[in-house]
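Trainee: I am new to this structure. Can we go through it with some "how do you know" questions?
Mentor: Gladly. Here it is.

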Amino acid sequence: MINDKKVLFSGMQATGNLTLGNYLGALKNWVTLCDEYECFYSVVDMHSITVRQDPATLRKRSRELLMIYIAAGIDPEKNCLYYQSHVPGHAELAWILNCFTYMGELNRMTQFKDKAAKHADNINAGLFTYPVLMAADILLYQADVVPVGIDQMQHLELTRDIAERFNNIYGDVFTIPEAYVGKVGAKIMSLQDPSKKMSKSDENPNASIYLMDDPDTIMRKCKRAVTDSEGVVLYRDEQPGVKNLIDIYSACSGKTPDEVVREFDGRGYGELKMAVGESVVSVLKPLQERHAELAKDKAYIDRIIKDNAEKATYYSNKTLSKVKRKIGYPDKIR
């Protein structure tokens, strides 16, 4: 606990371009949590290299992601926004926790199986031990809460198991983190295949709305969104494409799905798609304008990167020093 506030940790990978789904499902909610918690929001670039990355692109996207955090409304003076790779404690604690994690536990991780299937030519040890690094990310800051999606819940359970195992051996060292259960972010599906989530890695450019898409591109993608032949705007599972458009409009306008259905009673899909596109443009406009301002202020962003790396390192070292002492590493001679 810092400044009488509980600690919250979360992060995003700097791979691909963030989508409207990332914003409405996670980033928008992060902003609302800043007053209630002491927040550490990381650009988890160490996780990114489990899959081969172009170095220049990774550097560029890492900076872009940090600026998007700020443009979305997260104050970098009050919250810690930092690059994971700038804080050595992540790698140090991950190695230590590797020695307290069982092979059988990692073998059960479904995300490893999924990613190994997608990247069969690069099934590396980092991909296998990815959940241990995630555990280190969380435990390093003694996080009380972690906002996670369903796909990461298994990793959080492993984090809790590792922390409890360590504490049982060495005493009360780690805070046992809880999943953040608050307002659930909107689950936005692909515009071209509403059976799967909108993804920044989708190969179909019309499937996802990216945060930096211009208004014309957003309107075009919404107009091309998959619907059905029923021609009636209803919020039901039998019409997944229409339901997804209603979810997007609802999240952007603040209206409930029922209110949206009443608004479009007797109106066609074309009008719904236009309204969805306009609402998305309206929501993303201030974020895009703020991002453009930040991109011009290199000195400010450089200072934020430096200052927040120092802040994250300070807090991480408090935990790491305690861990090293507990496991028997020799003291440094000063």
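Trainee: Which residues is Leu-158 in contact with, leaving aside its neighbours within four places in sequence?
Mentor: Thr-101, Glu-105, Leu-106, Met-109 and Pro-131. Keep in mind that this is a predicted model. Leu-158 lies in helix H8.

Trainee: Why is Leu-158 called buried?
Mentor: Buried means under 20% relative accessible area. Leu-158 has 3% relative accessibility, so Leu-158 counts as buried.

Trainee: How far apart are Leu-158 and Ala-135 in space and in sequence?
Mentor: Their C-alpha atoms are 7.6 Å apart. In sequence, 23 residues separate them.

Trainee: What about His-155, buried or exposed?
Mentor: His-155 is also found in helix H8. The relative accessibility of His-155 is 1%, so it counts as buried.

Trainee: Which residues does His-155 touch, not counting those up to four places away in sequence?
Mentor: Met-109, Gln-111, Tyr-130, Pro-131 and Met-134.

Trainee: Why are H7 and H8 called roughly perpendicular?
Mentor: Helix H7 covers residues 125-139, and helix H8 covers residues 153-170. They pack at an angle of about 70°, with axes 9 Å apart. Angles of 65 to 115 degrees count as roughly perpendicular. H7 and H8 therefore get that label.

Trainee: Which residues make the contact?
Mentor: From H7 come Tyr-130, Pro-131, Met-134, Ala-135, Ile-138 and Leu-139. From H8 come His-155, Leu-156, Leu-158, Thr-159, Ile-162 and Ala-163.

Trainee: How do the residues of the contact of H7 with H8 divide by class?
Mentor: There are 10 nonpolar residues, 2 polar and no charged. The crossing of H7 and H8 is right-handed.

Trainee: Which residues of H3 and H12 meet?
Mentor: Glu-64, Met-67, Ile-68, Ile-70 and Ala-71 in H3 meet Leu-287, Arg-290, His-291, Leu-294 and Ala-295 in H12. The classes are 7 nonpolar, 1 polar and 2 charged. This crossing of H3 and H12 is right-handed.

Trainee: At what angle do H9 and H12 cross?
Mentor: At roughly 150°. H9 is residues 215-223 and H12 is residues 269-296, and their axes come within 8 Å. Over 145 degrees counts as roughly antiparallel. The crossing of H9 and H12 is right-handed.

Trainee: Which residues of H9 make the contact with H12?
Mentor: Pro-215, Ile-218, Met-219, Cys-222 and Lys-223. The H12 side includes Lys-273, Met-274 and Glu-278. By class, the contact of H9 with H12 has 9 nonpolar, 1 polar and 3 charged residues.

Trainee: How do you know that both faces of strand E3 are covered?
Mentor: Look at each side of residues 80-83. Cys-80 and Tyr-82 are on one side, Leu-81 and Tyr-83 on the other, and all are buried.

Trainee: How many bridges join E2 to E3?
Mentor: 4 bridges, and the strands run parallel. Two strands pair if there are at least two bridges between them. Strand E2 is residues 38-43. Tyr-41 has Leu-81 as its bridge partner in E3.

Trainee: How many bridges does E1 share with E2?
Mentor: They pair over 6 bridges, in the parallel sense. In E2, Phe-40 is the bridge partner of Phe-9.

Trainee: Why does Gln-142 count as buried?
Mentor: The cut-off is under 20%. Gln-142 has 16% relative accessibility, so it counts as buried.

Terms used
Residues are numbered from 1 along each chain as its sequence is written. This is a predicted model: local features need pLDDT of at least 70, side-chain atom pairs count only at pLDDT 80 or more; totals for chains, interfaces and linings use all residues. Side-chain values use heavy atoms; hydrogens and water are left out. Buried means under 20% relative accessible area, exposed over 50%, partly exposed in between (1.4 Å probe, protein chains only). Helices (H or I, at least four residues) and strands (E, at least two) are DSSP runs, numbered from the N terminus. Axes are lines fitted to C-alpha atoms, for helices over the stretch in contact, and angles run from 0 to 180 degrees between N-to-C directions. Angles under 35 degrees count as roughly parallel, over 145 as roughly antiparallel, 65 to 115 as roughly perpendicular and the rest as oblique. A crossing is left-handed if the near helix is turned anticlockwise from the far one by less than a right angle, and right-handed if clockwise. Contact means heavy atoms within 4.5 Å. Ala, Val, Leu, Ile, Met, Phe, Trp, Tyr, Cys and Pro count as nonpolar, Asp, Glu, Lys and Arg as charged, and the others, Gly among them, as polar.
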